[in-house]
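Let's take a walk through this structure together. Have the sequence and the 3D view at hand, and follow along as we go.

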Amino acid sequence: MPTGSVVALRYTSTSTHTSGLTNIDIQQNISLKALNTLGLDVSADYFVAVTSAVELLEAVDFARTHALPVFVLGGGSNVVLLQNVAGLCIHLAIEGFEKEDLLVRVGAGMNWHDLVLATLKAGLFGLENLSLIPGRAGAAPIQNIGAYGVELAERLVSVSYVDLDTGESHDLPASACEFGYRDSVFKHQLKDKAIITSISLKLDSKFEPRLEYAGIEAYLAERDEPITAKAVSDAVCAIRRSKLPDPARVGNVGSFFKNPVVTDQLLKGLKTQDSNIPAYAEAAGHFKLSAAYLIEQAGLKGLQIGDAMVSEQHALVIQNNGNATGSDVRQLAQEVQDRIRTRFDIDLEIEPRLIPG
């Protein structure tokens with residue numbers, strides 16, 4: 001839990017968008033170290049945890065009334081807090097799981113893996129390949145999270161959010177989310193303008209395994225067990241745990257860089273240097289490369305600046321060895337980008353959100 005001063009004030013909104021029936025506790029100078037999985041020791045000028053859409057609306061009203069910038073923090077698993085957070089940090093803790101036939105509506109604060117397990121328990125399928133992805137449900141559409149051949153965009157129906165400018169609530173259909181590879185409208189037109197309160201998904205009552213990734217198929221074949229959704233979920237969890245350091249033990253945000261997409265011409269040039277470089281066909285003569293492979297081939301595993309280090313377990317991970325600062329992390333990421341650009345003529349894009357950007 002965050003630590004800091006006692007309650008600074010108790011605020012009840014008078015906005016027409018709120019009920020006026022609840023009030024929220026606004027705290028000052030709160031440490032966010034326990035609320036970001038990289039474990040960076042930064043603080044927020046003002047902090048509030050909200051557990052409902054009404055409380056969120058009141059928090060937004062407080063920020064607007066006091067002309068404070070707003071920063072939204074969910075599970076803290078896809079954000080790098082480079083310095084102290086100015087303004088109001090709103091910690092989303094909105095829970096909730098509602099099922100109606102094949103439709104599921106969940107609060108933005110629900111742990112993503114708990115959501116996957118809940119759908120399996122309810123006899124609904126389609127999210128099993130997305131098991132053990134860290135973070136909360138509300139962050140899933142921002143990133144269009146994906147793993148092992150499945151992306152959220154395949155299952156999302158709509159997103160409910162609060163407009164920071166007006167304080168009004170909206171429902172956005174999936175077709176308007178402009179999904180791409182780890183991308184969405186929430187990183188562009190709605191960046192810093194929308195706070196997601198819930199998401200709706202459409203799942204299947206019949207399990208159809210997605211085993212395109214050889215790792216899953218090999219894991220299941222070794223055990224010679226029936227291929228069920230739970231078995232696929234367990235396989236994904238086991239593979240992820242074997243590859244990625246546990247943020248509960250070693251501070252990290254998972255994959256720090258996106259897999260780059262390159263032209264056929266650039267790939268041909270790279271193949272002359274390394275015929276084994278893995279490449280996966282994309283649209284229009286483009287290919288997706290493994291950022292982890294590039295980083296490893298460049299000999300960057302174990303590279304360290306301050307207490308930030310490129311993980312020796314997985315090259316895509318930058319970890320906090322205990323007392324890393326935001327500056328350590330940013331300098332290390334820049335060094336990796338520079339070396340990959342020099343060696344391969346490829347620009348690696350950072351996947352987590354940098355605050356400030």
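This is a predicted model: local features need pLDDT of at least 70, side-chain atom pairs count only at pLDDT 80 or more; totals for chains, interfaces and linings use all residues.

The crossing of helix 2 past helix 5 is left-handed. On the side of helix 2, H113, L117 and L120 make the contact, and helix 5 contributes A229, K230, S233 and C237. Sorted by class, the residues of this contact are 4 nonpolar, 2 polar and 1 charged.

Now turn to helix 4, residues 214-223, which also packs with helix 5. Here the axes are 9 Å apart and the angle is about 110°. Since 65 to 115 degrees counts as roughly perpendicular, helix 4 is described as roughly perpendicular to helix 5. This crossing is right-handed. From helix 4, the residues G215, I216, Y219 and L220 meet A231, V232, D234, A235, V236, A238 and I239 of helix 5. The contact of helix 4 with helix 5 has 9 nonpolar residues, along with 1 polar and 1 charged.

Next, the nonpolar cores. In soluble globular proteins, nonpolar side chains tend to be buried together. In this model, the largest nonpolar core has 61 residues. I90, W112, L115, F186, I199 and I216 are the ones with the most contacts inside that core. What is L115 in contact with, once its neighbours within four places in sequence are left aside? The partners of L115 are F97, V104, V106, M110, L127, A137 and L201. Another core, of 34 residues, lies apart from the largest one, and includes I277, A291, A292 and L332.

Finally, find F47, a residue of strand 3, which covers residues 43-50. Is F47 buried or exposed? Its relative accessibility is 3%, and buried means under 20%, so F47 counts as buried. Look for I30 as well: F47 and I30 are 17 residues apart in sequence, and their C-alpha atoms are 6.4 Å apart in space.

Note on methods: Residues are numbered from 1 along each chain as its sequence is written. Side-chain values use heavy atoms; hydrogens and water are left out. A crossing is left-handed if the near helix is turned anticlockwise from the far one by less than a right angle, and right-handed if clockwise. Helices (H or I, at least four residues) and strands (E, at least two) are DSSP runs, numbered from the N terminus. Contact means heavy atoms within 4.5 Å. Ala, Val, Leu, Ile, Met, Phe, Trp, Tyr, Cys and Pro count as nonpolar, Asp, Glu, Lys and Arg as charged, and the others, Gly among them, as polar. A nonpolar core is a set of buried Ala, Val, Leu, Ile, Met, Phe, Trp, Tyr and Cys residues joined through side-chain atoms within 4.5 Å. Buried means under 20% relative accessible area, exposed over 50%, partly exposed in between (1.4 Å probe, protein chains only). Axes are lines fitted to C-alpha atoms, for helices over the stretch in contact, and angles run from 0 to 180 degrees between N-to-C directions. Angles under 35 degrees count as roughly parallel, over 145 as roughly antiparallel, 65 to 115 as roughly perpendicular and the rest as oblique.
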